[in-house]
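Here's a quick tour of a ligand site and a bit of surface. Take a look at the model first.

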Amino acid sequence: MTSSASPAPTPRPVLNRRLAEFGTTIFAEMSALALRTGSINLGQGFPDTDGPEEIREAAVRALRDGRGNQYPPGPGVPELRTAIAAHQERRYGLTYDPDAEVLVTAGATEAIAAALLALLEPGDEVIALEPYYDSYAACIAMAGGTRAPVTLRPHEGSFRLDLDELRDAVTDRTRLLLINTPHNPTGTVLTREELTAIAELAVERDLLVVTDEVYEHLVFDDAGHLPLATFPGMRERTVTIGSAGKTFSFTGWKVGWVTATQELTSAVRSAKQFLTYVASGPFQYAIAEALRLPDSYFEEFRADMRVKRELLAGGLEQAGFTVFRPAGTYFITTDIRPLGETDGFAFCRALPERAGVVAIPNAVFYDHREQGAPFVRFAFCKRTDVLEEAAARLKTLGR
Ligand SMILES: *Cc1c(COP(=O)(O)O)cnc(C)c1O
């Protein structure tokens with residue numbers, strides 16, 4: 001009876017090794033904490049008011065008229081693909097064939113996943129700007145790739161890319177640069193010089209580029225959004241990702257898109273067709289209309305968000321934080337060290353009890369967690385009265 005002597009085998013974990021490190025997102029934990037403590041939730045970045053009424057009505061009309069209620073075409077409805085191509089042409093002078101070079105996705109999230117799943121071989125290295133949006137690391141892992149973070153570091157009031165560090169990060173195994181501008185969570189908008197250097201590196205080392213530009217319309221002051229695909233040699237190697245969620249304040253509709261060469265678009269589509277296949281049928285028609293809104297919509301949206309940025313940034317400064325005023329996005333990264341704090345995780349877990357506000361520790365966006373430890377992110381895409389109340393609550397922190 002030798003078998004009775006052998007120890008019981010350790011059960012294999014049900015979650016596979018590729019995803020084991022990711023756990024549940026911090027947003028779930030912090031949103032639950034906000035609910036439990038009645039705190040103002042400046043953690044997750046979704047607006048607390050819906051986008052334009054006429055666009056909401058356009059979605060209702062599409063539903064009623066039976067447009068998009070059944071599977072839409074795999075690449076997206078032609079009306080939306082045409083509107084996306086027209087938007088890229090009108091804004092940036094980038095021409096894409098709506099039939100072959102535009103792909104509609106279930107938000108930017110699916111575009112990121114499909115691009116990485118389509119373009120990476122197991123073992124390929126991906127350079128991403130750290131801190132990074134949380135889905136990047138998980139999608140690189142699901143694709144079997146390896147991430148190589150290049151850290152944006154505080155410099156004179158904003159987080160900047162060290163171009164030498166970027167160049168040094170490229171190895172013979174590097175396949176792809178994953179760029180995000182305007183950048184979440186730091187609010188950095190990459191400059192012409194930085195983008196030129198990225199483009200030159202990509203050409204020199206023959207790298208593919210995936211660029212997440214979902215905040216393209218949220219740039220402030222004299223910062224201007226420059227799509228990477230407009231730089232020399234980039235159109236043919238760049239997958240550009242956009243989304244309606246942030247620009248039109250309909251984050252629940254999950255309408256995103258890819259623009260790229262026919263070869264790259266077709267590759268991304270190969271993965272996308274087995275993820276959702278299609279999504280958001282009626283909303284696609286509504287977003288086609290949204291993309292054609294006059295410039296005044298985009299200007300007012302930006303001006304409105306700029307007022308909100310000033311309101312929250314001012315409140316955070318008065319409360320004692322060091323504020324990195326964002327040039328883009330609707331997030332403010334702060335440094336908590338002037339408050340006598342060093343650990344953003346502990347600070348964010350205590351903040352709801354201390355001040356009735358929820359924020360996100362930037363460390364969750366880092367591989368080098370210690371680099372992000374003193375930074376905490378607040379979202380300002382909220383109603384003015386909500387931001388005023390949050391600012392008033394935060395002021396009690398210094399006392
Ligand atoms: C919100 C966000 C996304 C996801 O966009 P969806 O269209 O909602 O999927 C992708 N990238 C960044 C940087 C974001 O902040």
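## Ground rules

For sorting residues by class, Ala, Val, Leu, Ile, Met, Phe, Trp, Tyr, Cys and Pro count as nonpolar, Asp, Glu, Lys and Arg as charged, and the others, Gly among them, as polar. By that scheme, the shell around the ligand has five nonpolar, five polar and three charged residues.

This is a predicted model, where local features need pLDDT of at least 70 and side-chain atom pairs count only at pLDDT 80 or more, while totals for chains, interfaces and linings use all residues. Numbering starts from 1 along each chain as its sequence is written, and side-chain values use heavy atoms, with hydrogens and water left out.

## Around the ligand

There are 13 residues around the ligand, and Thr-109, Asp-212, Tyr-215, Ser-243 and Lys-246 come nearest (near means a heavy atom within 4 Å). Helix α4, residues 107-119, gives the most to this shell, with four residues (helices are DSSP runs of H or I, at least four residues, numbered from the N terminus).

Now the polar contacts (pairs of N or O atoms within 3.5 Å). The side chain of Asp-212 has an N or O atom 2.6 Å from a nitrogen atom of the ligand. Oxygen atoms of the ligand sit 2.6 Å from a polar side-chain atom of Tyr-215 and 2.7 Å from a side-chain N or O atom of Lys-254. On its own the ligand has 390 Å² of accessible area, and the protein covers 94% of that (Shrake-Rupley method, 1.4 Å probe).

## Leu-275

Leu-275 belongs to the loop between α9 (262-272) and α10 (281-290). Why is Leu-275 counted as partly exposed? Because its relative accessibility is 41%, and partly exposed runs between buried, under 20%, and exposed, over 50% (1.4 Å probe, protein chains only).

Note on methods: Helix = DSSP H or I, 4+ residues; strand = E, 2+ residues; numbered from the N terminus. Polar contact = N/O pair within 3.5 Å; in protein donor to acceptor, adjacent residues only side chain to side chain.
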